[in-house]
Amino acid sequence: MTDVLPAGQGGPLIVAAALVREGAFFAARRTYPPTLAGLWEFPGGKCEPGEDAHTALRRECREELGVEIAVHDEVRPGPDAGPGAASGAGSAERADGPQGAAGDWAGWTLANGLRMRVFRASLLTGEPRLTDAHDDGAWLPLDPAALEVPWIPADVPIVERLLALWARQTARGPGR
Ligand SMILES: Nc1nc2c([nH]c(=O)n2[C@H]2C[C@H](O)[C@@H](COP(=O)(O)OP(=O)(O)OP(=O)(O)O)O2)c(=O)[nH]1
């Protein structure tokens, strides 16, 4: 099962939420480390050993934002993504594209070589509040204006993919 981090394989899995509400998603500005301070990101953090991705994401959102969330589908690269947009190491980088076969996806590659899996999510209770990890937060529109804030560079293709998924969904109309 890919949700649980295999012990000892290249550091912790990072999980992050694309928390969506009414045509917008929540992003926050990091306070640390100095190399990332001032850059925007999806809320989330490291999975603990043996913790599955959904559980870790619900915990991180509770700790970091003070909200309870419902976790939905995963944001993965599209079939047209180039190798720079998302790199699947190992099996996910086979000829069938960066997305790989259904169970192969290991996550987006971050600057430090760690992997991050991003899930669309919705608020169940609470309203996001800032803790030590962030000094600003905002509901950004699900359109290209969201790219106007300075994102962690590794997140840019993820935001672009999120916007593309949203555009496709809204073009199909509600309920489809
Ligand atoms: N949460 C999050 N982390 C990201 C994103 N993009 C990105 O490169 N990262 C990197 C920054 C960090 O090196 C790592 C996540 O670590 P973190 O510091 O948020 O993890 P954590 O909440 O468990 O923090 P800590 O208790 O270890 O301080 O992933 C993103 O969109 N969201």
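Reader: Where in the chain is the place of tryptophan 139?
Author: This is a predicted model, in which local features need pLDDT of at least 70, side-chain atom pairs count only at pLDDT 80 or more, and totals for chains, interfaces and linings use all residues. Residues are numbered from 1 along each chain as its sequence is written. Helices (H or I, at least four residues) and strands (E, at least two) are DSSP runs numbered from the N terminus, and the place of tryptophan 139 is in the strand covering residues 134-141, namely E8.

Reader: Is tryptophan 139 buried, exposed or partly exposed?
Author: A residue is buried if 20 or more other C-beta atoms, placed from the backbone, lie within 10 Å of its own, exposed if 12 or fewer, and partly exposed in between. Because tryptophan 139 has 16 other C-beta atoms within 10 Å, it counts as partly exposed.

Reader: Which residues does tryptophan 139 touch, not counting residues up to four places away in sequence?
Author: Two residues are in contact if their C-beta atoms, placed from the backbone, lie within 7 Å. With residues up to four places away in sequence left out, tryptophan 139 touches Arg21, Ala24, Phe25 and Phe26.

Reader: How far apart in space are tryptophan 139 and alanine 28?
Author: In sequence, tryptophan 139 and alanine 28 are 111 residues apart. In space, taken from C-alpha to C-alpha, the separation of tryptophan 139 and alanine 28 is 8.8 Å.

Reader: What pattern does the chain follow, read along the sequence?
Author: The chain contains two helices and eight strands. Read along the sequence, these elements follow the pattern β-β-β-β-α-β-β-β-β-α.

Reader: Why do the buried residues of H2 line one face of the helix?
Author: Helix H2 covers residues 156-172, and its buried residues are Ile158, Val159, Arg161, Leu162 and Trp166. Seen down the axis of H2, these buried residues line one face because the directions from the helix axis to their C-beta atoms fall within an arc of 160°.

Reader: Which exposed residues does the face of H2 turned away from its buried side carry?
Author: On the buried side, residues of H2 pack against strands including E1 (14-21) and E2 (24-30). The face turned away from that side carries the exposed residues Arg168 and Ala171.

Technical notes
The expected span of a helix is 1.5 Å times one less than its number of residues.
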